[in-house]
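Please keep the sequence and the model in view while reading.

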Amino acid sequence: MKKIIAVTGCPTGIAHTFMAEEALKNAAKKLNVDIKVETNGASGVENAITPADLEDIYGVIIAADKDVNAERFNGLPVIEVPVKEAIHHPADLINKVIGGQASRRQGISSSPESPEKYAQESFGRQIYKHLMSGVSNMLPFVVAGGILIAISFLWGIYSADPNSPQYNVIAATLMKVGQQAFSIMVPIFTAYIAWSISGRPGMVAGFVGGLLANATGAGFLGGIIAGFAAGYFMLLIRNMLNGLPRQYEGLKSIFIMPLVGVLVIGVMMVLLGQPVAAINNAMMNWLSSLQEANPILLGIVVGAMCSFDFGGPVNKAAYVTGTLLLGQGNYFFMAGVSRRLHHAAAGYSAGDNLLPERLQ
């Protein structure tokens, strides 16, 4: 019996990946169509598509905002859409595949540095995906570090301070480990922005740029600058070195590109570190003054951003800002983000139970 193959994936790999999977499965069940859905989430690939799965199929639905190794479906009928399309219109996608409206996929690489992929996407969408790549890889460090720091407070708010009567060696150890995880938050964020743009060559320069952003006080703003600069610069260098003979491939990838990338991005961040740090500090001071002078206004702004598109770019912008500000010692913004997201979940839960017919 013919079936449909689907692949889902979102930049963070936490919510939309699995929402799209569920929507496609539910729609396929209603349409009495067999479907297998591979998910590319934060924990890796689950329910992976095998070569045997590609026999006797109607076609493939790729609902992803990240690299899902789409070239394995070259030559097959494929529909490629953003992941939210599968959440909102799963039945339409399935009907298009069954109806033969899917075109055969050509041999276009989907690797992070693929020039063909850039030609297919708008610049704004590229920027969004690169930022989300940094965020999704940074989040485990934020979560692990934050929880360890929170656990250390069980022994007292000053339990990690050797000069405090509350001092406890276990709490101090947990605090130290958590702070170390937090300390590499910006370098990881920066490295994976660069990786998303130019692959492995950009990661080295991006990581060093992130370390220098930390060292100079440029913070997350400097990290964003370093990440994009490293990614696009290494993309340029890679293209410039494409003409080298094949025997120099090892020299290019192991010596020339890392050296040039680290040198240029490192010097750039040393020169830009202080000016960017001044801007970063001004932003922090403005947020601090706003949360003290007019916390209601700040709450309205944060709440509006979180509720604007529920998982879209504006919502993620609020979440990313809150997450990065945690590393700068500002906890109020993220508190507002977390509070608003909990309200949304509670509201939908209450509505689903009290007025289920309105949410169908």
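Helices (H or I, at least four residues) and strands (E, at least two) are DSSP runs, numbered from the N terminus. The model is a predicted one, in which local features need pLDDT of at least 70 and side-chain atom pairs count only at pLDDT 80 or more, while totals for chains, interfaces and linings use all residues. Residues are numbered from 1 along each chain as its sequence is written, and side-chain values use heavy atoms, with hydrogens and water left out.

**The chain as a whole**

The secondary structure of the protein chain comprises 13 helices and six strands. Of its 360 residues, 43% count as buried, where buried means under 20% relative accessible area, exposed means over 50%, and partly exposed lies in between (1.4 Å probe, protein chains only). When contacts (heavy atoms within 4.5 Å) are taken between residues at least 6 apart in sequence, 67% of them join residues at least 24 apart.

**Residues in and around the strands**

Asn40 belongs to strand E2, which covers residues 34-41, and it counts as buried because its relative accessibility is 7%. Its side chain makes a polar contact with the side chain of Glu38 at 3.1 Å; a polar contact is a pair of N or O atoms within 3.5 Å, of which, within protein, one must be able to donate a hydrogen and the other to accept it, and residues adjacent in sequence count only if both atoms are side-chain atoms. Apart from neighbours within four places in sequence, Asn40 is in contact with Val7, Thr8, Gly9, Cys10, Gly13, Thr17, Val45, Lys66 and Val68.

Asp53 sits in the loop between strand E3 (44-46) and strand E4 (57-64), and with 12% relative accessibility Asp53 counts as buried. The side chain of Asp53 is joined to that of Lys36 by a polar contact of 2.5 Å, and the side chain of Asp53 also reaches the backbone nitrogen of Thr50 at 2.9 Å. If residues up to four places away in sequence are not counted, Asp53 touches Lys3, Ile5, Lys36 and Ala48.

The loop between E3 and E4 also holds Asp56, whose phi is near 55°, a positive value in a residue other than glycine. Asn69, in the loop between E4 and strand E5 (77-81), likewise has a positive phi, near 60°, and is a residue other than glycine.

Tyr58 is placed in strand E4. The C-alpha atoms of Tyr58 and Val78, which are 20 residues apart along the chain, are separated by 9.3 Å. Leaving aside neighbours within four places in sequence, the contacts of Tyr58 are Lys2, Lys3, Ile4, Val33, Pro77, Val97 and Ile98.

| Residue | Relative accessible area | Class |
|---|---|---|
| Leu148 | 24% | partly exposed |
| Tyr58 | 31% | partly exposed |
| Asn69 | 37% | partly exposed |
| Asp56 | 44% | partly exposed |

Leu148 is found in helix H5, which runs over residues 123-152. Although Leu148 and Gly178 are 30 residues apart in sequence, their C-alpha atoms are 5.2 Å apart in space. With neighbours within four places in sequence set aside, Leu148 is in contact with Leu174, Val177 and Gly178.

H5 also packs with H7, at an angle of about 145° and with axes 7 Å apart; such axes are lines fitted to C-alpha atoms, for helices over the stretch in contact, and the angles run from 0 to 180 degrees between N-to-C directions. Residues of H5 that make this contact include Lys129, His130, Leu131 and Phe141, and those of H7 include Met185, Ile188, Tyr192 and Trp195.

**Helices H7 and H8**

Helix H7 (residues 185-198) and helix H8 (residues 200-216) pack at an angle of about 150°, again with their axes 7 Å apart. The two helices H7 and H8 are therefore roughly antiparallel to each other, given that angles under 35 degrees count as roughly parallel, over 145 as roughly antiparallel, 65 to 115 as roughly perpendicular and the rest as oblique. Among the residues that meet here are Val186, Pro187, Ile188 and Trp195 in H7, and Arg200, Met203, Phe207 and Leu211 in H8.
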